[in-house]
Amino acid sequence: MVKEVSKSESAGYLKKSEEFLESARDSFNKERFNAAGFDATQSIINANDALTIHFLGKRASKDHREAIQFHLDVVRIISDDAGRKILADALDIRNLVGYLGESIRKSESEKIIRSAAKFIDWVKKFVK
């Protein structure tokens with residue numbers, strides 16, 4: 001189900017993405033690697049929402065397939081798919097940790113946090 005959103009709300013989603021990234025880093029430093037990984041994936045999802053809202057005026061509501069489709073719609077507009085794999089990987093990790101009960105190791109958590117920071121920086125090139 002598509003959620004129509006005013007383009008002016010993209011900045012708020014970007015801010016939320018930065019808050020979740022900071023939370024991920026805090027959890028990582030406290031050796032809560034599952035929480036860190038989950039928050040890092042949430043930061044990527046919020047940053048992707050900022051991107052799709054900015055360009056399309058909509059965001060995915062509950063279905064991760066929508067998030068990827070909207071992301072690809074934006075990629076066609078901006079001709080830059082540098083964030084595509086990061087988003088897809090983050091959604092896979094979110095499913096494993098959040099819904100399937102898997103745990104992630106320190107190294108995996110650290111990697112997704114780095115990827116989240118990279119994704120947010122990439123989104124900031126387009127959403128100001």
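This is a predicted model: local features need pLDDT of at least 70, side-chain atom pairs count only at pLDDT 80 or more; totals for chains, interfaces and linings use all residues.
Me: Can we zoom in on a single residue? What does the relative accessibility of serine 43 say?

Reply: Serine 43 sits in helix H2. At 0% relative accessibility, serine 43 counts as buried. Then look at what surrounds it: leaving aside neighbours within four places in sequence, serine 43 touches Ser17, Phe20, Leu21, Ala116 and Ile120.

Me: Now for packing. At what angle do H2 and H5 pack, and how far apart are their axes?

Reply: You want an angle, a distance and then a label. H2 and helix H5 (residues 106-124) pack at about 15°, with axes 9 Å apart. Angles under 35 degrees count as roughly parallel, and H2 and H5 are therefore roughly parallel to each other. As for handedness, H2 passes H5 in a left-handed crossing.

Me: Which residues make that contact of H2 with H5?

Reply: On the H2 side, they include Phe33, Ala36, Gly37, Ala40, Ser43 and Leu51. On the H5 side, Ser109, Ile112, Ala116, Phe119, Ile120 and Trp122 are among them. Sorted by class, the contact of H2 with H5 has 13 nonpolar, six polar and one charged residues. Serine 43 shows up here again as one of the H2 residues, and the neighbours of serine 43 include Ala116 and Ile120.

Me: And H4? At what angle does H2 pack with H4?

Reply: Helix H2 (residues 33-56) and helix H4 (residues 84-99) pack at about 140°, with their axes 9 Å apart. Angles over 145 would count as roughly antiparallel; the value here makes H2 oblique to H4. The crossing of H2 and H4 is left-handed.

Me: Who meets whom between H2 and H4?

Reply: H2 brings Asn34, Phe38, Thr41, Gln42, Ile44, Ile45 and Asn48, and these meet H4 residues including Ile86, Leu87, Ala90, Ile93 and Val97. The residues of the contact of H2 with H4 divide into nine nonpolar, five polar and one charged. To follow one of them, take isoleucine 93, which lies in helix H4. Leaving aside neighbours within four places in sequence, isoleucine 93 is in contact with Thr41, Gly98 and Ile112.

Me: Histidine 64 takes us to H3. At what angle do H3 and H4 pack?

Reply: Helix H3 (residues 64-78) and H4 pack at about 170°, with axes 10 Å apart. That makes H3 roughly antiparallel to H4. From H3, His64, Ala67, Ile68, His71 and Leu72 meet H4 residues including Arg84, Leu87, Ala88 and Leu91. By class, the contact of H3 with H4 has seven nonpolar, three polar and two charged residues.

Me: How exposed is isoleucine 68, and what is it in contact with?

Reply: Isoleucine 68, in helix H3, is partly exposed, with a relative accessible area of 30%. Beyond neighbours within four places in sequence, isoleucine 68 is in contact with Leu87, Ala88 and Leu91. For the sequence-versus-space check, isoleucine 68 and valine 127 are 59 residues apart along the chain, and their C-alpha atoms are separated by 18 Å.

Me: Last one: which residue other than glycine has a positive phi near 60°?

Reply: Glutamate 31 has a phi near 60°, and sits in the loop between helix H1 (10-29) and H2. At 60% relative accessibility, glutamate 31 counts as exposed. Serine 79 is another non-glycine case, with a positive phi near 55°. Serine 79 belongs to the loop between H3 and H4, and is exposed, with a relative accessible area of 67%.

Technical notes:
Residues are numbered from 1 along each chain as its sequence is written. Side-chain values use heavy atoms; hydrogens and water are left out. Axes are lines fitted to C-alpha atoms, for helices over the stretch in contact, and angles run from 0 to 180 degrees between N-to-C directions. Helices (H or I, at least four residues) and strands (E, at least two) are DSSP runs, numbered from the N terminus. Angles under 35 degrees count as roughly parallel, over 145 as roughly antiparallel, 65 to 115 as roughly perpendicular and the rest as oblique. A crossing is left-handed if the near helix is turned anticlockwise from the far one by less than a right angle, and right-handed if clockwise. Contact means heavy atoms within 4.5 Å. Ala, Val, Leu, Ile, Met, Phe, Trp, Tyr, Cys and Pro count as nonpolar, Asp, Glu, Lys and Arg as charged, and the others, Gly among them, as polar. Buried means under 20% relative accessible area, exposed over 50%, partly exposed in between (1.4 Å probe, protein chains only).
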